Amino acid sequence: MSLESYKTDGFFDELFESDGVPHAAAAALIEQLDALSRADLKRRQKTAEDILYQSGNTFNVYGDKKGTEKILPFDIIPRLVSSTDWERLEKGIAQRIHALNLFIQDIYNDQKIIKDKVVPADMIFSSACYLKPCEGLKPPKGVWTHISGTDFVRAGDGEFYVLEDNLRCPSGISYVLENRAVLKRILPKAFQTLKVRPVSHYGDHLYKTLKHIAPDGKDDPVIVVLTPGIYNSAYFEHAYLAQQMGVPLCQNSDLIVEDNIVYMRTTRGLKQVDVIYRRIDDEFIDPTVFRKDSLLGVPGIMNAYRKGNVALANAPGTGIADDKAIYTYVPKIIKYYLGEEAIAQNVPTYICEDDKERDYVLANLDKLVVKAVNLSGGYGMLIGPKSTKAEQKEFAEKIKAAPRDYIAQPTLSLSRAPTLIGNGIEGRHVDFRPYSLYGEEIFTLPGGLTRVALKKGSLVVNSSQGGGSKDTWVLGEGEDFGGGV
Amino acid sequence: MMLSRVANSIYWMSRYLERAENVARFIDVNTHLMLDLGLSVEETQWYPLIATSGDDEGFKKRYSVADEKSVVRFLTFDEKNPNSILSSIFRARENARTVREIIPVEVWEKINELYHLTQAHSRKRSVEALADYYTEVRQSGNLFSGMMINAMSRGDGWHFARMGQLLERADKTARLLDVKYFLLLPRGQQVDSPYDNVQWGAVLKSVNALEMYRQEYHSINYRDVTEFLLFSKLFPRSLRFSLDYAALALSNICAEQPVTCPALTEMGLLTQSLHQADTESIIASGLHEFIDVFQAKLNLVDQSIYESFFEN
């Protein structure tokens, strides 16, 4: 199917330099796509969807009594990241994660950064993500965020900007691994031509990361994944990761704390657990410490953690560092702890709690993107240029009522990537979330989740709002290139 | 060593799949029996399927007549019947979902596929329209067993799955014999007449037992078929075989236990009672009654398995 007539419409495009002309790194891929007929492409798209459906990574269509299930929409045309771009992203991410871990450790212990007036005290203490029970915690090896995913967008200038640091065990990695497995079957030739860096070793890295934080003296630690259960929307991923590591997948009813030691109930009695990769939010993890109404948590687990009898990944309390208002301080945080300039750039952000900045935001609601600081998934968001007067008025009221809860950013012209739409290939807006592990060192998986807004012109990539995903190919030979993808 | 909840799920995943497969076998045997009897459409009997299922109360509450349409619906797609194929596959899938990190990925995918296939057929109401579907359900049972045999390590997970499958099979093989028992013979046909023997052949065929039976007994009659399906030490769907191997799976699990498990004692009682039973006295006092008693004992075993491993 010829891509000669592909239009970039003035946006930065992930595969095309200009109308019909691919980036040098993408030329080989475009050539292969060109060689496939329209029917062939559609057939491959269908096969990919069938494989994903069969794998069971599906969600129930809300309100559908017949139990109809759907997959997260998937587009077979991959997004490429050149080796030069990746090298820079990797450095930027490692720097951020390093600094943010020092920040969290400081905030819950000495609070030097507050005393030195780099971050205002009320920014911290007014955050819903600041957890008092975490004061004085010192997680094993000083690492708080073992698992994280950094959201990037690429703007019209081709530069990657950090949109969010997701430090609370973000989901999505199973899509990265599954999408890759599918695409290896759908476009095998393309893998042979381009040097695509592998992602399938994520499970090994995750296991090593978790083993690294096991209590001292545990050479063969018992590691488990803790899930809220099969009705959680990310359950597939929880099971998938347990399977990738070959460790038990526990629900809270499987765990019990006695004398500050966590045990799991097995067919041969109780067995001590050393490391828990928990996919339950901080507020729900221990009803004796956080939300008392939580039915998902394990009573007493926080005390076991404080005593060092069990390790949790991620540590509780990390939300303080990915609060959307704290985000604006990250460049200063990096400078403060590491004495370095930030490599990965922030999107300019207005803090509504600041009087001057709030006035600017209120005067420019039609141009800005407004976000609630503690919501994700594309909820609680106003996209100025696409909003009505009434919506703007509603947000103005919300901001005035609770300025600490909102930030605003200029509407970026997000980059686009060619996407199979109907009978043709059209540009659609994308973002990018690479996943990192912080064990002995910080490792970022060369790949990631590219989310794509499938609706024409839409900037919202969240799956709850009509978004899909793409496989992401990081090109080049990394140190970890062990053959095979 | 495995999580108790996971052991419970893998046991039931396996039981429910075996259950679904056996319902498909029931429908198959009924169809063959009626074809062999030469019954016209009006004379076709569907009630034996309900009578043998043990769910006749549930059926009578919601259906007025036992015709093809309602029986097919009740046994195959009725969500309110906990033992319909749809309910069984749905539960097998829910259980598989909670143990997917420990079963081979192909096993999960097959169960998932079977569930979607069932949904896709769920508006059909005649055996003829569903013939391919029932075949598919039976084949899926074989595929499931094969994938487990070839890809699952022989640890506790395997033993729990195997035990669940065999206990379910023991119960259902007995009930399959019962279908023939409940079928009303048309006037002029006698027990042990040539017609009668043809029908027993159909029963054997529906559990893929015809060839194995012939090698042992050569000709078909009520007594021998009953003996074969109840007491064969060698045929893998007989009650005796199913229970002996379920007991073996259980003893493998218990071998690693710190204390003697009560389930082993219950299982011992059940296998012993089966070893002591004989065909003549069962026929004399009634096969149907024998099966009811047997099932009550089976429930005791199931209960003590629950208490020994899943409850803690």
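User: Which domains does chain A get in the domain assignment?
Analyst: Domain 1 (1–215 + 310–334 + 422–485) and domain 2 (348–411); such bounds come from an automatic or database domain assignment. This is a predicted model, where local features need pLDDT of at least 70, side-chain atom pairs count only at pLDDT 80 or more, and totals for chains, interfaces and linings use all residues. Residues are numbered from 1 along each chain as its sequence is written, while chains are lettered from A and ligands numbered from 1 in the order in which they are written.

User: What separates the centres of domain 1 and domain 2 of chain A?
Analyst: 25 Å, taken over C-alpha atoms. Still, 13 residues of domain 1 of chain A are in contact with 10 residues of domain 2 of chain A (in contact: C-beta atoms, placed from the backbone, within 7 Å).

User: OK, new topic. How many residues does each chain give to the contact between chain A and chain B?
Analyst: Chain A gives 20 residues and chain B gives 20 residues.

User: And chain B, how many helices and strands?
Analyst: Chain B has 15 helices and zero strands (DSSP runs, numbered from the N terminus: helices are H or I, at least four residues; strands are E, at least two).

User: What size of box do the C-alpha atoms of chain B fill?
Analyst: Roughly 60 × 45 × 35 Å, along the principal axes.

User: How much of chain B is buried?
Analyst: Of its 312 residues, 46% count as buried, meaning 20 or more other C-beta atoms lie within 10 Å of the residue's own, with C-beta atoms placed from the backbone.

Terms used: Two residues are in contact if their C-beta atoms, placed from the backbone, lie within 7 Å. A residue is buried if 20 or more other C-beta atoms lie within 10 Å of its own, exposed if 12 or fewer, and partly exposed in between; C-beta atoms are placed from the backbone.
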